[in-house]
Amino acid sequence: MESIALDSRLISFSLKGTDSKLHRPEDYGKAPVLGVIFTCNHCPYAQAWEARLIDIQRTNAERGVQFLLISSNDASKVPADSFEQMQARAAAKEYPFPYLIDETQEVAKAYGATRTPEVFLFDRDRVLRYHGAPDDNYEDPRAVQHAYLRQAIDALLADDAPPVAATRPVGCTIKWK
Amino acid sequence: MDASTPNALMTPTMRIEFLYWRECPSHETALARLYDVLRDEGVTPSVELVHVGTEQEAARWQFPGSPTIRIDGNDIAEPPEGPGQFGLTCRAYRTDDGRISPLPSTEALRRAVRAARERAHT
């Protein structure tokens with residue numbers, strides 16, 4: 001499945017979050033940078049990158065950056081990815097971003113997402129400017145040499161082009177129904 | 001001869017199984033890491049590579065996720081989710097400093113190889 005191309009416009013959605021409220025990208029219209037990040041509970045790649053995503057959101061919140069995390073996995077195949085487990089994880093890890101459930105998997109298919117985690121980063125005009133992995137080292141945050149997502153955010157906030165616009169997403173496959 | 005050095009001991013015959021699912025990206029790195037440890041520990045590398053491609057195969061191999069490494073039938077680590085969970089999924093390992101990783105650390109592999117060597121000599 002092909003993901004949406006760079007320079008594509010954001011595809012809107014309305015998904016329930018672990019706070020039981022509906023969330024749309026338009027609700028964050030003032031954010032100069034918006035990240036739509038497909039992830040899940042159970043995947044070790046998602047877990048390995050989770051603290052970094054939390055940190056990036058927290059340290060960039062004052063600059064108006066907003067992440068929306070989406071889990072599209074079929075929970076009947078992976079019970080650890082159920083909505084209740086998502087709520088538990090979001091609470092335990094004190095997620096500073098909405099964690100949304102894509103129950104029909106339509107959003108993942110619309111974006112062409114295939115992996116967890118997989119980052120789609122949009123600028124203030126909601127044009128896709130970075131797509132791929134959060135950085136180049138899932139295993140060890142201390143060994144990261146290219147912090148793709150952080151660098152893309154910094155660039156977009158300065159109205160510059162991200163130094164790296166696309167990388168291969170690395171992670172578990174999305175568990176399709 | 002110092003009995004703690006690998007070459008001081010007869011190279012043990014270890015039955016090493018490396019089970020993996022192609023859709024999980026870490027298996028090549030994990031396999032390379034395993035071979036490095038085996039070489040450093042003086043173990044003749046004889047690794048059976050098993051690609052687990054269906055849920056039925058996962059159940060038959062009691063495959064908790066990719067990659068899974070067994071030495072003489074013993075898994076090198078306890079799956080974080082506990083025993084009895086099998087399927088086509090990527091496996092989580094816990095690092096020594098408590099983080100989650102998609103592949104076992106070099107140190108974890110080394111400990112497993114040394115433990116297998118000790119079992120073989122007792």
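Predicted model: local features only at pLDDT ≥ 70, side-chain atom pairs only at ≥ 80, totals over all residues.
Let's start with the strands. Chain A has an open sheet of seven strands, and their order is β2-β1-β5-β4-β3-β7-β8, with mixed pairing. At the edges sit β2 (22-23) and β8 of chain A, each of which pairs on one side only.

Strand β7 (residues 118-122) of chain A is joined to β8(A) by four bridges, in the antiparallel sense, and Phe120(A) has His131(A) in β8(A) as its bridge partner. On to the next pair: strand β3 (residues 34-39) of chain A pairs with β7(A), again in the antiparallel sense, over five bridges. In that pair, Ile37(A) stands opposite Val119(A).

## A hairpin and the helix across it

β7(A) and β8(A) make a hairpin, with five residues between the two strands. If you click through the turn, look for Arg126(A), which has a positive phi of about 60°.

Is β8(A) mostly covered or mostly open? Strand β8 (residues 128-132) of chain A is mostly covered, with five of its five residues buried, even though β8(A) is an edge strand of the sheet. Helix α4 (residues 148-157) of chain A lies across β7 and β8 of chain A, and runs at about 175° to β8(A).

## Helix α1 of chain A

α1(A) has 17 residues, and the distance from its first C-alpha to its last is 25 Å, close to the 24 Å expected at 1.5 Å a residue. There is a bend of about 40° at Glu50(A).

Glu50(A) is also one of the buried residues of this helix. What do the buried residues of α1(A) pack against? Within chain A, the partners are β3, β4 (66-71), β6 (115-116), α4 and β9. Chain B joins in too, through its strand β6 (100-101).

## Where the chains touch

Ten residues of chain A contact twelve residues of chain B. On the chain A side, the elements giving two or more residues are α1 (44-60) and β9 (172-173). α1(A) provides the largest share of that side, four residues. Sorted by class, the chain A side has seven nonpolar residues, two polar ones and one charged one.

## Chain B in outline

Chain B has three helices and six strands, and from the N terminus on they run β-α-β-α-β-β-β-β-α. Of its 122 residues, 35% count as buried. Among contacts in chain B with a separation of 6 or more, 71% are between residues 24 or more positions apart.

Its open sheet has four strands in the order β2-β1-β3-β4, with mixed pairing. β2 (47-51) and β4 (74-75) of chain B are at the edges with a single partner strand each, so one side of each has no neighbour in the sheet. Strand β1 (residues 16-20) of chain B runs antiparallel to β3(B), and four bridges join the two. Leu19(B) is found opposite Thr68(B) in β3(B).

Helix α3 (residues 106-121) of chain B has 16 residues, which should span 22 Å at 1.5 Å a residue; the end C-alpha atoms are 23 Å apart, so the two agree. Its buried residues are Ala108(B), Leu109(B), Ala112(B), Val113(B), Ala116(B) and Arg117(B). The cover over them includes α1 (27-40), β3 (68-71) and β5 (93-94) of chain B.

Now for the loop between β6 and α3 of chain B, which is where Pro104(B) lies. Why does Pro104(B) count as buried? Because it has 25 C-beta neighbours inside 10 Å, and the cut-off for buried is 20 or more. Leaving out residues up to four places away in sequence, Pro104(B) touches Ala30(B), Ile69(B), Ile76(B), Ala77(B), Tyr93(B) and Leu109(B). Leu109(B) is itself one of the buried residues of α3(B). Pro104(B) and Arg33(B) are 71 residues apart in sequence, yet 8.7 Å apart in space, C-alpha to C-alpha.

How values were computed: Residues numbered from 1 in each chain as written. Chains lettered and ligands numbered in written order. Expected span 1.5 Å × (residues − 1). Buried ≥ 20, exposed ≤ 12 C-beta atoms within 10 Å, placed from the backbone. Contact = placed C-beta atoms within 7 Å. Nonpolar A, V, L, I, M, F, W, Y, C, P; charged D, E, K, R; others polar. Pairing = 2+ DSSP bridges. Axes fitted to C-alpha atoms, helices over the stretch in contact; angles between N-to-C directions. Bend = angle between axes of the 7 residues up to and from the residue.
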